[in-house]
Amino acid sequence: MNAVARRARVRVTGTVQGVGFRPYVYRLAGELSLGGYVLNDAHGVLIEVEGADAQVDRFIARLPSDAPPLAVVEHVLTEDRPPRGDHGFVIRESVGGELPDAPITPDTATCEDCLRELFDPADRRHRYPFINCTNCGPRFTIVRGVPYDRALTTMAAFTMCAACRAEYEDPGDRRFHAQPNACPVCGPSVRLIGDSSADDPVTATAGALTSGAIVGIKGIGGYHLACLAASERTVAGLRARKHREDKPFALMAPSLAVAEALISVDAPARALLTGPERPIVLAPRQPDAPVAPSVAPGAPELGVMLPYSPLHHLLLADVGEPLVMTSANVSDEPIAYRDEDARERLAGIANLFLVHDRPIETRTDDSVVRAVPRRTILRRSRGYVPTAVHLPGAGTARPLLACGAELKNTFCLARGTHAWVSHHIGDLENYETLRSFAEGIEHFSRLFAVEPEVVAHDLHPEYLSTKYALDLDGVELVGVQHHHAHLAACLAEHGERGPAIGAIFDGTGYGLDGTVWGGELLYGDIAAFRRVGALAPVALPGGARAIQQPWRMACAWLVASGIEPPAAWRPIAELARSGLASPRTTSMGRLFDAVAALAGVRSEVNYEGQAAIELEAACDFAEPGAYPIAVGGAPLVIDPRETIRAIAADAAAGRSAGAIARRFHRTIARAAVEACVRLAGAHATEVVVLSGGVFQSRLLLESVSAALTDAGLRVLVPERLPVNDGGIAFGQAAVAAVSLA
Ligand SMILES: [Zn+2]
Ligand SMILES: [Zn+2]
């Protein structure tokens, strides 16, 4: 040996367990002729390597850069140790004790290597719908407990055959310690219920789909309902049976090329479509997109995803055209995921069921992401959960739980700097979702070893998530105002503490004064806030019914603006005037509803946000105008009464809905920009946070953020967590953590 022997201890932190990191280290050490060991412990991966000086340097240099695809290396710390004369390199048993910070990774789309084998007639897993390896496959949805080991997954009942076992135990193999490893001999299998004569259930399913069937398909996180996207008769039939009148259906395209025929795909959208998370990507629909009108009536965008499980790949390859692939549920119930329950609930909807015998432990919907003009997550679930989001600074001094909001609920558990935001639970308005919520919290507590001592909750006393928090014994409670949670979530996600101006526009949030807030201008940081402005308040005639019936809001705004509503609306106008059953609201979402009704776009809705979505879709982009709107006072008030009077005049004069819609969007954008610029000046800050469900509008978000940037302000928008109420839990956690510091 001509080189001096050197030994180094290397500590790697981040997402480095359950992602093939140890075999990767084993191979790298072997390649560089280094001795030593690698093991998992509570902090991540610990390595000692020994050998020629230059080789140790190479090892340290390549360690982060050549890491396996699912690994996220956060830190590599190196220190020299006295050489011991090790020559061989070994993978040592894990060291127990406290739990790692990232024990479970998200479900990941089938990798290129597995896809090649899937379609290779010579491979032993040719057309096997459960092929996976260390770099891909189910994770979060099959985990029952920790440590992440086959016995604690829903694969426990399947005993590996000799061939699979050999792969599993070989550190040089791509399937070394791949917990869901399986093959046609030993693993799960699919079955077509409703056509037991089928030789190949996947081919038979593809045939049935092609001839117009609606099929319930068990996937990774639950059941989908699938049918041909191009067949109007079939899609309309699915809508009728599912009791879903207008809410857009998601699509699954067999290839990127087909996806590009459906939606406009630029580089960021392409990266999302083909990435390991495989969300539903929302993008503007192509004018001649080959889909039935009933797929997404009135929506300017389509939601498209590419196959993410081997079963999807086989099915889509056989069908060769886009499928509607919508969560299997009736109306607003949560996605079905247990076999008996799914078949019972979906019996009147699906003609056939393509099922399998690998149980789903945690129900997980498809995630929904928009790539442009900014990356915006509308639903964060499969593919993203349970990756931790970091709390800023030192994180939380005590383990905590944040219970989230009522609609689009997620919860969040946190310890130290790690916050685990749950999968999308849904609207906490029925027994099924509430059970998912409570079971989910218990599951996350076990997986991430968080025994909450502090519980954060919304101020709304009637939210089921609030009631859940108030019913817990022996914990310290922290109430967090809804819009402050939006502001704090966005600041914390970006690693900032504020202060900032927050323009938080959404539908409903319980205000500090007990009224319904929703068009809020806040000045504050993660710890505290002041309400420095808001939309002018108006009556919410009939309370919650006004949310389903935008014409009621139109009526309320006409009354507030001094205009006599049409005769048919008179009883509601009286209600609004009297204040009976009509709480006051500053909701921006409800103002959009009112204008949608006044413009003749929509007077009743079938799903949340529908009126605003269709109002945006109606915009005539050739229209250059805007309406007057008053922005002034202290606290600042955005008063749209002049706007409403002008819209009423335009509507009476027969001006098109497209022109009214475009003018209104421009008006609100200008008002928001003017308010933020003024407030930022008054409070000597340069940071503006835009959040809340109203900013799910592509047009509004882009126009406001561009104008604020032009005005020299720094604009923060939620990117890793939903801009809607799915981001509330993380914001509550951030506020509670700071309150403990
Ligand atoms: Zn793979
Ligand atoms: Zn096998």
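Let's start with Glu493, which sits in helix α13, a helix covering residues 482-493. Please keep in mind that this is a predicted model. From there, the briefing moves on to helix α16 and then to a zinc site.

- Setting aside neighbours within four places in sequence, Glu493 is in contact with Pro718, Glu719, Arg720, Leu721 and Phe730.

**Helix α16**
- Helix α16 runs over residues 570-578, and Ile572, Ala573 and Ala576 are buried in it.
- Looking down the axis of α16, you will find its buried residues within an arc of 105 degrees, so they line one face of the helix.
- Those buried residues of α16 pack against β25 (538-539) and α15 (550-560).

**The zinc site**
- Four cysteines coordinate the zinc ion (ligand 1) through their SG atoms, at 2.3 Å: Cys111, Cys114, Cys133 and Cys136.
- The site is tetrahedral, with angles of 103 to 121 degrees among the 4 donor atoms.
- For reference, the ideal angle for four tetrahedral donors is 109.5 degrees.
- Along the sequence, the donor residues of the zinc ion (ligand 1) follow the spacing C-x2-C-x18-C-x2-C.

Definitions and conventions. Residues numbered from 1 in each chain as written. Chains lettered and ligands numbered in written order. Predicted model: local features only at pLDDT ≥ 70, side-chain atom pairs only at ≥ 80, totals over all residues. Heavy atoms only, no water. Helix = DSSP H or I, 4+ residues; strand = E, 2+ residues; numbered from the N terminus. Contact = heavy atoms within 4.5 Å. Buried < 20%, exposed > 50% of the residue type's maximum accessible area, 1.4 Å probe, protein only. Arc of directions from axis to C-beta. Donors = N, O, S within 2.8 Å, 3.2 Å for Na, K, Ca; no water. Tetrahedral: all angles 85-135°; square planar, octahedral: opposite > 155°, others 65-115°.
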